[in-house]
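Open the model in your viewer and keep the selection tool ready.

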Amino acid sequence: MLHQVRRPAWPEFVVLLIISVMAAWLVNVGRPEPLPWWADFTAKKVEETTRKGLAVLTPAEAIAALKADGQLFVDARDPDEFAMEHVPGAVNISADALLMGLDAAVSGLAKDKPLIVYCGNLACPKSRDLAEGLKASGFSALSVMPEGMEGWKAAGGPVEGQ
């Protein structure tokens with residue numbers, strides 16, 4: 001009776017993994033704009049926002065602006081999210097207002113008053129989209145807080161809501 005000797009599979013797995021990583025590296029290096037190995041999402045959001053001509057505030061700067069008064073915070077999230085928690089004194093203008101009539105949604109706001117627009121977090125594009133719409137409607141003093149409510153709370157900002 002012959003006994004079959006079982007070889008471990010891990011050396012073959014390691015060789016295939018090394019070949020795959022090397023192939024991915026070669027393809028990436030060959031691209032006209034190679035992808036970074038590590039991404040800084042905060043810097044990327046700030047760059048995207050400033051490229052569109054909008055000012056950017058960190059949560060710490062926004063907290064200081066809240067204490068200084070004179071700023072109006074605009075929450076671009078859905079009304080349900082706004083009702084749960086928001087920056088004290090903020091108004092809710094959902095990013096959906098861009099599709100349903102922005103002029104009606106902002107009819108009570110002065111176009112020269114400084115506005116700080118935010119949404120949920122870095123992955124949320126609503127604040128930047130709404131700020132672009134407000135800018136196109138004639139609002140002149142706009143800032144965006146890309147870190148959103150998540151960054152606001154992490155920086156120790158006060159919260160209102162249910």
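Contact here means heavy atoms within 4.5 Å. Keep that cut-off for the neighbour selections below. The model is a predicted one.

**Stop one: E147**

Select E147, in the loop between β5 and α8, the latter spanning 148-154. E147 then touches T42, L57, T58, P59, G120, N121 and L122. Which side chain of opposite charge is nearest to E147? Pick K45: the distance is 11 Å. A salt bridge needs a Lys or Arg side-chain nitrogen within 4 Å of a carboxyl oxygen, so the cut-off settles the matter. E147 is buried and has no salt bridge.

**Stop two: L142**

Step back to strand β5, residues 142-145, and select L142 there. Is L142 buried or exposed? Its relative accessibility is 9%, so L142 counts as buried. Beyond the neighbours within four places in sequence, L142 is in contact with L54, A55, L115, V117, A131, L134 and K135. I116 and L142 lie 26 residues apart in sequence, and the distance reads 6.1 Å.

**Stop three: the disulfide**

How many disulfides does the structure hold? There is one. Select C119 and C124, the two partners. Their sulfur atoms sit 2.4 Å apart. Look along the S-S bond next: the angle about it is -140 degrees, which makes the link left-handed. Colour by accessibility to finish, and both C119 and C124 come up as buried.

Terms used: Residues are numbered from 1 along each chain as its sequence is written. This is a predicted model: local features need pLDDT of at least 70, side-chain atom pairs count only at pLDDT 80 or more; totals for chains, interfaces and linings use all residues. Side-chain values use heavy atoms; hydrogens and water are left out. Helices (H or I, at least four residues) and strands (E, at least two) are DSSP runs, numbered from the N terminus. Buried means under 20% relative accessible area, exposed over 50%, partly exposed in between (1.4 Å probe, protein chains only). Lys and Arg count as positive and Asp and Glu as negative; His and the chain ends are not counted. A disulfide is a pair of cysteine sulfur atoms within 2.5 Å.
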